[in-house]
Structure formats: C-alpha cells, structure tokens
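Morning, everyone. Please bring up the model and keep the sequence beside it.

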Amino acid sequence: MGIRKNNGLRRNGATALRLVAVAALYYAGARVGLLQELVRDQVTPLWPPTGIALACLLVLGPMAWPGIALGAVAVNAPIGPSPLAVLMIVAGNTLAPFCSYLLLRRVGFRPAVDRLRDALVLVFLGALAGMLISATVGTAALLLSGALAAGDSWTAWSVWWTGDAMGVLVVTPVLLVLRRARLPRGVGPYRLLEATALLLGTAAVALVAMRAEVSLLFLVFPFLIWAALRFQLAGAAPCSLIVTLLAIASTAEDTGPFSHHSFPAQMVILQAFNGSTALTALLLSAIIAERNATRRQIERVCAQLADVVFRLTPDEPRPPGGDHSPDRR
C-alpha cells in the first residue's frame with residue numbers, strides 16, 4: 001500500500017510539474033507576443049501562446065489544458081478590462097487550441113508533419129478553423145466590457161484571428177521539430193555548414209527585404225524552398241519563423257514595404273505575406289518528406305524482391321536440352 005501511495009504521489013508530482021511548465025511556456029510566449037501589440041495593448045499579429053498550447057496538447061495529450069488555462073490567466077488578469085472579460089478571454093484561449101487538438105486527432109494528424117495531408121489539416125483545421133473560437137470570444141469580451149468600440153470590432157477580430165492562426169502555423173512546427181531534435185551524428189561538416197548558411201542567409205535577406213522601400217519580399221521564397229528541399233520541416237519551420245518575426249517588426253516600426261499604408265491595409269498585407277511564407281514552408285516540406293518516404297519504401301520493396309529472387313534461383317543453372325540427371329531405375 002505504501003509503495004502504491006508513493007508511486008501515486010510521484011505521478012501526481014510529475015503531472016503538476018508538467019502543467020507548471022506548460023503555463024510557464026505559455027506565459028513566456030505571451031510576453032514575447034505582447035511586445036508587438038496593435039489593438040488595445042492586447043491583440044497582436046502573432047500570438048505565440050496558441051502555437052505553444054497546441055504543441056503541448058499534441059505532445060502531452062488532453063491533460064495539458066489546465067496548464068494552458070493557468071498561463072492564460074497569468075497573462076490576461078493584469079491587462080484585462082474586467083474580471084468577466086478576463087474569464088471569457090481565458091476560456092476562449094483555452095478552448096481554441098483544445099478544439100484544434102481534437103480536430104487534428106480526429107483526422108489522424110501526425111506531429112512529424114511528413115505528409116501533405118498533415119500540413120493541410122494543420123493549416124485549415126488547427127490554425128484557421130480552431131482559432132475562430134478564441135478570436136470570436138475574445139472580441140466579444142472586449143465589446144461587452146466596453147473596452148472596444150463597435151466600429152473597431154472587425155479590425156480587432158481579424159487581427160486576433162490571424163494572430164492566433166499565425167501562432168499555430170509558425171510556432172507549433174518549430175516546437176514539434178525541437179521535440180524530435182537530437183545531437184547530429186554522422187553528419188558531415190558540409191551539411192552543418194549548409195544549415196548555418198541557410199539560417200543566416202534567410203535572416204540577412206529577410207532583413208534587407210523588410211527595410212527596403214521597394215517591395216523585395218519575394219527574395220525570401222528561394223530560401224524557404226531551399227530549406228524545404230534540403231532539410232524538410234527541420235529547416236523550413238525555423239526559416240518561416242525568422243521571416244515572420246522580421247516582417248512583424250518592420251510593420252510595427254512602420255518601415256519598409258509595409259509602411260505608407262493605413263492600419264487595416266498593413267494588417268492585410270502583413271498577414272497575407274506571413275500566411276504565404278508559412279504555407280510555402282509547411283506544404284513544400286511535407287511534400288518532399290512524403291516523396292522521400294515513398295522512395296525509401298520502394299527501395300525496401302525492391303531489396304526484398306531481389307532477395308526473394310536470389311533465394312529462388314538455383315546455384316547451378318540446368319543445362320539446355322532437358323533433364324540429364326542419372327537414371328534411378
């Protein structure tokens with residue numbers, strides 16, 4: 001009985017630590033996201049906690065939701081307009097990634113994102129569909145509390161929805177990659193040099209494109225294609241995150257190709273660009289990974305078939321002209 005009790009205490013302690021870790025990650029991601037708040041110091045074009053929450057659910061399962069709720073309370077309680085609004089926002093921020101998790105689980109999503117269908121369901125079910133909940137509930141909370149004017153509701157909702165969706169599209173893949181990351185073994189120096197050049201080149205080209213007065217945003221796409229072709233999700237996800245962060249920083253500073261536009265126009269251009277980069281990275285890396293898996297499967301089947309043929313082939317071929325075995329009469 002004592003051993004069972006100790007085991008139960010250890011399991012409960014481990015669960016509590018996981019929930020605290022989830023809440024801490026959620027809170028840290030929120031503090032980063034709030035650095036670029038655009039509507040009422042609370043709505044941002046990239047909300048990392050949604051990506052963190054969905055990744056935690058995919059890794060830990062449904063038991064992660066109390067940690068997500070705890071982190072949402074810690075973030076929204078100091079900045080919420082009223083206790084009721086805070087409660088509604090926390091409920092929406094918890095329910096949205098949980099519903100996305102259920103949708104992804106329902107369709108057989110694989111966290112490796114190594115199939116085209118995995119990338120598609122992450123985009124349309126995990127990001128676009130699931131985050132409708134948090135945007136709608138959060139905007140309604142601000143309206144009911146009087147913290148948001150009715151005329152600004154559409155702008156707030158659209159920024160909230162796209163910000164939460166971008167959190168899933170950009171942050172969740174990076175966390176899923178980090179979860180499976182291992183120290184490289186048997187990797188040549190040229191491969192490591194290529195990966196380093198890819199990351200640095202993506203950052204440099206994106207920085208130039210975001211600071212130039214003329215539109216040079218298209219320059220980042222060859223680097224995203226390079227990342228997907230050579231490294232699949234492990235390369236495409238970090239490059240997409242780098243480009244997105246630099247684009248948001250440029251918009252917040254009103255510099256580069258995102259400047260000289262009204263706020264709604266800036267949001268449309270920014271989120272269209274961010275969505276395009278995320279889709280390019282996710283879909284192309286999934287297609288390449290699926291193609292590589294198919295090629296490896298064909299190679300295994302060919303090897304097995306060759307082995308079977310080798311086993312069925314006699315050591316010495318029979319001479320032509322019939323059977324010349326000795327007479328056994």
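How many cavities of 30 Å³ or more does a search of the whole structure find? Two. A cavity here is a set of points, on a 1 Å grid over the protein atoms alone, where a 1.4 Å probe fits but cannot get out. Grid points are joined across faces, edges and corners, and a volume is the space filled by probe spheres set on the points.

Ground rules next. This is a predicted model: local features need pLDDT of at least 70, side-chain atom pairs count only at pLDDT 80 or more, and totals for chains, interfaces and linings use all residues. Residues are numbered from 1 along each chain as its sequence is written, and side-chain values use heavy atoms, with hydrogens and water left out.

The fold: 11 helices, zero strands. Helices are DSSP runs of H or I, at least four residues; strands are runs of E, at least two; both are numbered from the N terminus. Of 329 residues, 41% are buried, meaning under 20% relative accessible area with a 1.4 Å probe, protein chains only.

Now the second largest cavity. Its space is about 40 Å³. Lining residues have an atom within 4 Å of a point. Among them are L169, P173, L233, S240 and L282. α7 (153-179), α10 (233-252) and α11 (263-312) each give two or more residues. α10 gives the largest share, four.

Which domains contribute at least three residues each? Domain 1 (1-181) and domain 2 (188-312), with bounds from an automatic or database domain assignment.

Terms used. Buried < 20%, exposed > 50% of the residue type's maximum accessible area, 1.4 Å probe, protein only. 1 Å grid on protein atoms, 1.4 Å probe; cavity = no way out; pocket = protein on both sides within 12 Å on 5 of 7 lines; lining within 4 Å.
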